[in-house]
Amino acid sequence: MAGGTRNSTTQAVHRAVHLLNCFTTGATTSLSVAELTATTGWTQSSVSRLLSALEAGGLVQQDRATGRYVLGLQLVALAGTALAASALYSTGHPHLCLLY
C-alpha cells in the first residue's frame with residue numbers, strides 16, 4: 001500500500017470516528033447532514049459519503065421520514081463485546097449477579 005493511500009485511509013477512519021462522536025455532544029440524538037456539515041466544517045458531499053459508509057456498517061441509520069441520522073444498533077453489539085472484554089466487567093459481573 002502506498003504511503004498516500006495509507007494516510008488517506010487513516011484520515012477517513014479519523015473522520016468517521018469524529019462524525020460518530022458528533023452524536024454524543026448536544027441535546028439531540030439525531031442530526032441532519034446540514035448540522036453535521038456545520039459542526040465538522042466538512043463539505044456536504046464528504047459528510048454524506050461518510051454517513052453512507054457508516055450506515056452500510058450499521059453504525060448509523062437514517063430516519064427515512066425526516067432524513068436525520070441516529071446512531072445505529074451495530075454500536076450496541078460493539079459495546080457489548082467491549083464490555084465483555086473489560087476487566088471491570090469480568091470482575092464485577094459475578095458479584096452483581098449475586099445481588100439480583
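**Cysteines, fold and selected residues**

A: To begin with the cysteines, C22 counts as buried, because its relative accessibility is 6% and the cut-off for buried is under 20%. Please note that this is a predicted model.

Q: And how exposed is C97?
A: C97 is partly exposed, with a relative accessible area of 43%.

Q: How many disulfides does the structure hold?
A: The structure holds zero disulfides.

Q: Remind me, what is a disulfide?
A: A disulfide is a covalent bond that joins the sulfur atoms of two cysteines.

Q: Moving to the fold, how many helices and strands are there?
A: The protein has five helices and two strands.

Q: In what order do the elements run?
A: Starting at the N terminus, the order is α-α-α-β-β-α-α. The protein is more spread out than a compact globule, because its radius of gyration is 17 Å, well over the 13 Å that the globule rule gives for 100 residues.

Q: What box do the C-alpha atoms fill?
A: Taken along the principal axes, the box is roughly 50 × 40 × 20 Å.

Q: What share of the residues counts as buried?
A: Of the 100 residues in the protein, 22% count as buried.

Q: What about contacts between residues 24 or more positions apart?
A: Such pairs account for 37% of the contacts in the protein that have a separation of 6 or more.

Q: Changing topic, how many aromatic pairs are there?
A: The count comes to zero aromatic pairs.

Q: Which residue lies over the face of W42?
A: That residue is R15, which lies at 4.5 Å from the ring centre of W42.

Q: How far is R15 from H93?
A: The C-alpha atoms of R15 and H93 are separated by 35 Å, and the two residues are 78 residues apart along the chain.

Q: Where does H93 lie, and how exposed is H93?
A: H93 belongs to helix α5, which covers residues 87–99. With a relative accessible area of 33%, H93 is partly exposed.

Q: Now N7: which helix holds N7, and is N7 buried or exposed?
A: N7 is placed in helix α1, residues 3–21. N7 counts as exposed, because its relative accessibility is 53% and the cut-off for exposed is over 50%.

Q: What is the C-alpha separation of L78 and L54?
A: The C-alpha atoms of L78 and L54 are separated by 14 Å, and these residues are 24 residues apart along the chain.

Q: Last one: is T24 buried or exposed?
A: T24 is exposed, with a relative accessible area of 55%.

Q: How far is T24 from L71?
A: T24 and L71 are 47 residues apart along the chain, and their C-alpha atoms are separated by 9.4 Å.

Methods. Residues are numbered from 1 along each chain as its sequence is written. This is a predicted model: local features need pLDDT of at least 70, side-chain atom pairs count only at pLDDT 80 or more; totals for chains, interfaces and linings use all residues. Side-chain values use heavy atoms; hydrogens and water are left out. Helices (H or I, at least four residues) and strands (E, at least two) are DSSP runs, numbered from the N terminus. The radius of gyration is taken over C-alpha atoms; the globule rule is 2.2 Å times the number of residues to the power 0.38. Buried means under 20% relative accessible area, exposed over 50%, partly exposed in between (1.4 Å probe, protein chains only). Contact means heavy atoms within 4.5 Å. Rings of Phe, Tyr and Trp (its six-membered ring) pair if their centres lie within 6.5 Å; planes under 30 degrees apart count as stacked, over 60 as edge-to-face and the rest as tilted. A charge sits over a ring if NZ of Lys or CZ of Arg is within 6 Å of the ring centre and within 35 degrees of the ring normal. A disulfide is a pair of cysteine sulfur atoms within 2.5 Å.
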